[in-house]
Amino acid sequence: MPETDTSAPAAEIPETVATYLRLRGLEPSSASWRRKKRRRRDDDENQPFTAGRDPKGVADVLADLTRESGWDRELAREDVVRAWAEVAGEGTAQHTRPVAFTEGALTVQADSTAWAKQLQLMRAHILTEIVRRFPEAGVETIRFVGPDVPSWKWGPRTIPGRGPRDTYG
């Protein structure tokens, strides 16, 4: 007497799926297979060419990533540093460089105190240009400083107060 298969016909369930279900200890049934197949077909998220599935360019993907990560402000500040020659002018950029951003203030270091003083007079123009070009940077004020000079106010032999005035003579 031939054996009869009580499971679903082989034509409805692929052999690989039936084997997998038998190995997992489950009985393959054509009803569950059809339901699963129908659910996959109705799932728009996995279907190509549906709304929201269009490919994006690399620039769009990176813009989304930076916005979602909250990097817009830091990248805009880096753009200010990169475009400093365009913002301040070529001649001015040869003698100055942005050195810090702190709490909405841009600190710019000049080659000399004379350049720092001249830039203080041009502060409104430079600040307006930065805010116009890079509004995401959050620059509210600009501080101009002179060159770094050695300080005599530190070390093991410093004394409090003004100290001796005749240092070099």
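The following conversation goes through a predicted model of a protein chain and sets its values against the definitions behind the terms.

Visitor: What should I know about the model before we start?
Guide: This is a predicted model, in which local features need pLDDT of at least 70 and side-chain atom pairs count only at pLDDT 80 or more, while totals for chains, interfaces and linings use all residues. Residues are numbered from 1 along each chain as its sequence is written, and side-chain values use heavy atoms, with hydrogens and water left out.

Visitor: How many helices and strands does the protein chain have, and what makes a stretch count as one?
Guide: The protein chain has eight helices and three strands, where helices (H or I, at least four residues) and strands (E, at least two) are DSSP runs, numbered from the N terminus. Along the sequence they follow the pattern α-α-α-α-α-α-β-β-α-α-β.

Visitor: Why is V58 called exposed?
Guide: Exposed means over 50% relative accessible area, buried means under 20%, and partly exposed lies in between (1.4 Å probe, protein chains only). V58, which is in helix α3, has 63% relative accessibility, and therefore counts as exposed. Buried residues make up 23% of the 169 residues in the protein chain.

Visitor: What makes V58, L62, L65, W71 and L75 a nonpolar surface patch?
Guide: Such a patch is made of residues with over 30% relative accessible area and no salt bridge, with nonpolar side chains (Val, Leu, Ile, Met, Phe, Trp, Tyr) joined within 5 Å, whereas like charges are joined within 9 Å. The five names you list make a patch of about 490 Å², to which helix α3 (residues 58-69) gives the most, with three residues.

Visitor: Why is the contact between R132 and E129 called a salt bridge?
Guide: A salt bridge is a side-chain nitrogen of Lys or Arg within 4 Å of a carboxyl oxygen of Asp or Glu. The N to O distance between R132 and E129 is 2.6 Å, so the pair meets that limit. Both residues lie in helix α8, three residues apart, about one turn of the helix. R132 is exposed at 57% relative accessibility, whereas E129 is buried, with a relative accessible area of 15%. E86, E129, R132 and R133 are linked in a network of salt bridges.

Visitor: How do you know that R82 and D79 also form a salt bridge?
Guide: Their side chains meet at 3.4 Å, N to O, so this pair too is within the 4 Å limit. Being three residues apart in helix α4, R82 and D79 are separated by about one helical turn. R82 counts as exposed at 63%, while D79, at 28%, is partly exposed. A search of the whole structure finds five salt bridges.

Visitor: What makes a group of residues a nonpolar core?
Guide: A nonpolar core is a set of buried Ala, Val, Leu, Ile, Met, Phe, Trp, Tyr and Cys residues joined through side-chain atoms within 4.5 Å. The largest one here has 20 residues, of which W84, L106, I126, I130, V139, I142 and F144 touch the most other members. Among the elements that give two or more residues to this core are α5 (84-88), α8 (123-133) and β3 (141-145). In soluble globular proteins, nonpolar side chains tend to be buried together.

Visitor: Which residues does I126 touch, not counting those up to four places away in sequence?
Guide: I126 touches W84, V87, L119, I142 and F144, where contact means heavy atoms within 4.5 Å.

How values were computed
Areas by Shrake-Rupley, 256 points an atom, 1.4 Å probe, with all protein chains shown as cover.
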